[in-house]
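Please examine the sequence and the model shown below. The paragraphs that follow lead through its helix packing and then its sheet.

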Amino acid sequence: TWELQAAAEEAATAAAAERERLEGHLAAAAIETSEQQAAAEEAARTAAAEREKLEERVAAAAAKASEQLAAGEEAARVAAAEKERLEAAAKEALTTVAAERNKFKEELAAVAAKAEIAAEEAARTAAGEKNKLEEQLAAVAEDPAYLRFRETLEAEALAAKQEARALQLWPDRAVEELDLEEMNLSDSDVQALATALQTNSALKELRLVGNAITDVGAEAIAEALATNRTLTELGLYGNQITDRGAEAIAKALATNRTLTMLFFGGNPITERGAEALKTVCNRKKGFNLSLVLVEEVD
């Protein structure tokens, strides 16, 4: 009996210990479950907050997209209206241009018709004037007074050329003044005269006004001026000398010490040639330069 009692007590003690152990396990499991539940609740709250934020963003994006769609539709309506207005304006402009073009064609045709009539009338008038002028010229050509005048001019021109030729052949001939105005002298005539001037020691005044002298003749005269020591007056007015000839004369005047008067107006030079002459002449004390540019030259 005692042994049974002892075994029963030992079994009770073991059962109590096992119960205590199980209760400890249950308490630990309850604590872990409580912590997991709390974590799950926190995760649920975080998920709910994130969902709320996401829903707000989605709602905002939807509202913005709706506004942009409305704006796009309004812009499309405005663009359609503007396109319609521009098409109407273009159509009206084309109609106006076509009308103006037709009007211009009609006016141009009328002007052309008038111009053709005027040209024909002018041609008839010109033909009549030409015939009349030819008759007058024919009458003048047979006029004894004109024939005598022409013979006189030819004689004077011949005499002048003979004088120039004599000066060339006899450079030291005692001629102080030589007037060869409007004698239709060419560059070759002037070149011959310039050759004589290089050694002539008597001629003081030379007038070559109103001839057909070009830059070629002017350069020949410039070469003569570089050595001539007696010529004081030179007339080259009314020839065909351009800037090239003017610059050649100006260069010669820089070394010439006797020439004091130059008549150079009426030649087709520009400001370049005029400036070349003015510059050298202004440096020479007491020098007189007559220079008037022809109207045709700018």
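In this predicted model, helix H5 (residues 243-253) packs against helix H6 (residues 271-282) with the two axes 8 Å apart and an angle of about 10° between them. Angles under 35 degrees count as roughly parallel, and H5 and H6 are therefore roughly parallel to each other. From H5, the contact draws on Asp 243, Arg 244, Ala 246, Glu 247, Ile 249, Ala 250 and Leu 253, which meet Arg 272, Gly 273, Ala 276, Leu 277, Val 280 and Cys 281 in H6. By class, the residues of this contact between H5 and H6 comprise eight nonpolar, one polar and four charged.

The side chain of Asp 243 makes a polar contact with the side chain of Thr 270, at 2.5 Å. When neighbours within four places in sequence are left aside, the residues in contact with Asp 243 are Ile 269, Thr 270, Arg 272 and Gly 273. Of these, Arg 272 and Gly 273 are also named on the H6 side of the contact between H5 and H6.

H5 also packs against helix H4 (residues 215-225): their axes come within 8 Å and cross at roughly 5°. That angle makes H4 roughly parallel to H5. On the H4 side, Asp 215, Val 216, Ala 218, Glu 219, Ile 221, Ala 222 and Leu 225 take part, meeting Arg 244, Gly 245, Ala 248, Ile 249, Ala 252 and Leu 253 in H5. The contact of H4 with H5 has nine nonpolar residues, one polar residue and three charged residues.

Five strands form an open sheet with parallel pairing, in the order S1-S2-S3-S4-S5. Its edges are strand S1 (177-179) and strand S5 (288-290); each has a single partner strand, so one side of each is left without a neighbour in the sheet. On average, neighbouring strands of this sheet are turned by 5° against each other, direction ignored. In general, strands of a sheet pair through backbone hydrogen bonds, either parallel or antiparallel.

Definitions and conventions
Residues are numbered from 1 along each chain as its sequence is written. This is a predicted model: local features need pLDDT of at least 70, side-chain atom pairs count only at pLDDT 80 or more; totals for chains, interfaces and linings use all residues. Side-chain values use heavy atoms; hydrogens and water are left out. Axes are lines fitted to C-alpha atoms, for helices over the stretch in contact, and angles run from 0 to 180 degrees between N-to-C directions. Helices (H or I, at least four residues) and strands (E, at least two) are DSSP runs, numbered from the N terminus. Angles under 35 degrees count as roughly parallel, over 145 as roughly antiparallel, 65 to 115 as roughly perpendicular and the rest as oblique. Contact means heavy atoms within 4.5 Å. Ala, Val, Leu, Ile, Met, Phe, Trp, Tyr, Cys and Pro count as nonpolar, Asp, Glu, Lys and Arg as charged, and the others, Gly among them, as polar. A polar contact is a pair of N or O atoms within 3.5 Å; within protein, one must be able to donate a hydrogen and the other to accept it, and residues adjacent in sequence count only if both atoms are side-chain atoms. Two strands pair if DSSP finds at least two bridges between them.
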